[in-house]
Amino acid sequence: MGGPVSEAEAPGTEAAAPRPPRRLGRAADAFLRRREATILVVAVALLIYFQSARSEFLSNDNLVNISQGTAPYAIIAVGEVLLLVSGEIDLSAGMVFTLAPFLMHYLVDYYGMYPIIAIVVALLAGAVIGLLNGAVTVLLRVPSFVTTLGTMFLVQGITLTTSHAYPAEIPPAAQGLAGWFGHADWSELIWCLLIVAFFHLVLIRTRWGLHTVAVGGNLLGASEAGIKVARIKVGNFMVTGALAAFAGILEAFRTSTIDPSSGGTGAMFTAVSAAVIGGTALAGGSGTVIGALLGALVLAELQNGFNLIGISANPFNIILGVAILVSMILNVHLARLRRAGRS
């Protein structure tokens, strides 16, 4: 007389045992949803490949070379990540990288300023250039690509004119700071890791980072929510300028020379490439500082590995172009996975 018999209660049938959770599959899925996942896998794969090709790839001396090829560009890339996430870009960062050590040199050798004060002034000059970029972009509504393109040539002209296109040496009075600012084998990397850790926390744990993401993701919505869009964008321009200046000073101390041909557009494009390859979207609204560090590491591994195995540097731009295209395709795909996971 009772109701219909369920399949589990029907004679000759047994209730299906619950499947154990696929922990490995879920862990792998969670890993792949992270922005840094793909570039981390690539970095490890390159390490294994080049080590198998040349055993000295993981020697101490070569690891120092890789770290020195990673650190300055990763530092600039941190600033570029903040700008890209907020919907802007800075093409002048590479020229600020070149100008800052010359400014330190002028202040110490020509004006007798204490070296540490000269370094602080050089960093402030980088921030002021960022302030100029931000003011023109935000207040005058000039696209940041155009603004910073103009600033790039302006800063390059100032550097070449004041230096007469000749390199200079680190001021003797500043030699005592060399161990702190890049001359020791690992000091550049230590500075880089500290900066990456700090701005990673800023981006994901602070109101400034939350507002940066909001501004890049939905400018109108962020403005209507009361976020001071102009302050966020100008502030990120200033951070990028200061970081580019600091990276240039570190590199000058490392090489014990101040070269007007160092950095420039090459440093800027390497930093932007590192940010994009590392998972930062050019359209704004999302990005990762740790991914930018891994992107810079991958580029350093490629250059260093090519040299070790005797491959010409000419194909490097081919590899870089393919890496950027593939990374952007993966970024779009992983973004869809993340959205699907939230729904």
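Tutor: The following account concerns helix α5 and two helices that it meets. The model is predicted: local features need pLDDT of at least 70, side-chain atom pairs count only at pLDDT 80 or more, and totals for chains, interfaces and linings use all residues. Residues are numbered from 1 along each chain as its sequence is written, and side-chain values use heavy atoms, with hydrogens and water left out.

Helices are DSSP runs (H or I, at least four residues) numbered from the N terminus. Two packed helices are described by the angle between their axes and the distance between the axes. Here axes are lines fitted to C-alpha atoms over the stretch in contact, and angles run from 0 to 180 degrees between N-to-C directions.

Helix α5 spans residues 115–139 and α6 residues 144–163; their axes come within 9 Å and cross at roughly 145°. This crossing is right-handed, that is, the near helix is turned clockwise from the far one by less than a right angle. Contact (heavy atoms within 4.5 Å) involves Ile129, Asn133, Val136 and Thr137 of α5, with Ser144, Thr147, Thr148, Thr151 and Val155 of α6. By class, this contact has 3 nonpolar, 6 polar and no charged residues; Ala, Val, Leu, Ile, Met, Phe, Trp, Tyr, Cys and Pro count as nonpolar, Asp, Glu, Lys and Arg as charged, and the others, Gly among them, as polar.

With α10 (residues 229–255), the axis of α5 comes within 7 Å, crossing at roughly 145°, and this crossing is also right-handed. Residues of α5 in the contact include Gly126, Gly130 and Gly134, while those of α10 include Lys233, Phe237 and Gly241. This contact has 16 nonpolar, 6 polar and 1 charged residues.
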